[in-house]
Amino acid sequence: MAVRTFLHYALEIPDQTVGQRFYEDFGLVDGTGRSDVVRLRPDRLGRDAVREMDPPAGAPEGGVWIRDPDGNAVNIRDEAPAAVPAEPPVALNGPGYVQREIVRGYPERGRRIAPRKLGHVLLFTPDMERLMRFYTETLGMKLSDRSRGIIAFLRCNTDHHTLALLSSHAPGFHHASFQLGTVDEIAMGAVHMAERGWQPGWGLGRHVIGSNFFYYLRDPWGSFSEYYYDLDYIPEGCAWEPRDFPPEDSLYVWGPPCPADFGENKEAWT
């Protein structure tokens, strides 16, 4: 029994009010609430001697709570993700092709940025191989691509990655990434967050691994939140071969220079 989707993540922060304001400005909405779900214990957890833990205070009810080898709390539950409604393909004009006629292509000014779904999280780890074994062998995720001992990208559905692991001297949280519908939305989200007084992180740019456009915002505690668009799609059962990319391709193919502190594990300082 393998993990099939990525539903949510949770952060322990010093000021919940500030955190809520940041993420609501980012485009998320208050989803407070609880629902009953079926409690399961995947067989593999028992075979790998993974012990259950009590749910963290205030955590969603249901499912099984365990810790990964780095001590991160993981909730495994029988719950399908909310379906993301299909949207019309973006109509673009380019050399030798026209997809948009008699229609102005600029985006509406002032349109609220609304992330469609949570795409992935990136965690720092002091032992990438051990954590990869846990998520692939115990939870059934698949390796999509990696870059030497620097970073690895794992998936549990058709998205190129739902979990990324970045080598560090200690565990920690780097960023969560949310899908938008166009590159315009990414840029307009960046402008909106700047107008609201939040600090830019890095972007606009395009990653090599995963191929997605990106823009990162700094949250109030030094980690990041990412807007993304156009991530690689890997159909179930296809013969995808993970590639080990050289270090120069571990970050991006174009964009502004990467900030010097982008790969720093701020949690390890506290």
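Modeller: This is a predicted model. I begin with a charge and a ring: the charged end of R206 is placed over the ring of F213, at 4.1 Å from the ring centre.

I turn next to rings that pair with one another. A pair of aromatic rings is described by the distance of the centres and the angle of the planes. The structure contains 19 aromatic pairs. One of them is formed by Y9 and F173, whose rings are stacked, with 5.6 Å from centre to centre and 15° between the planes. Y9 belongs to the segment before α1 (16–26), while F173 belongs to strand β9 (residues 172–179), so this pair ties together parts that are 164 residues apart in sequence. The two partners may also be described by their accessibility. Y9 has 21% relative accessibility and therefore counts as partly exposed, since buried means under 20%. F173, at 9% relative accessibility, counts as buried.

Another pair, F134 and Y135, is edge-to-face: the centres are 4.9 Å apart and the angle between the planes is 90°. F134 and Y135 are both buried.

Finally, Y9 and F173 also belong to a cluster.

Methods. Residues are numbered from 1 along each chain as its sequence is written. This is a predicted model: local features need pLDDT of at least 70, side-chain atom pairs count only at pLDDT 80 or more; totals for chains, interfaces and linings use all residues. Side-chain values use heavy atoms; hydrogens and water are left out. Rings of Phe, Tyr and Trp (its six-membered ring) pair if their centres lie within 6.5 Å; planes under 30 degrees apart count as stacked, over 60 as edge-to-face and the rest as tilted. Helices (H or I, at least four residues) and strands (E, at least two) are DSSP runs, numbered from the N terminus. Buried means under 20% relative accessible area, exposed over 50%, partly exposed in between (1.4 Å probe, protein chains only). A charge sits over a ring if NZ of Lys or CZ of Arg is within 6 Å of the ring centre and within 35 degrees of the ring normal.
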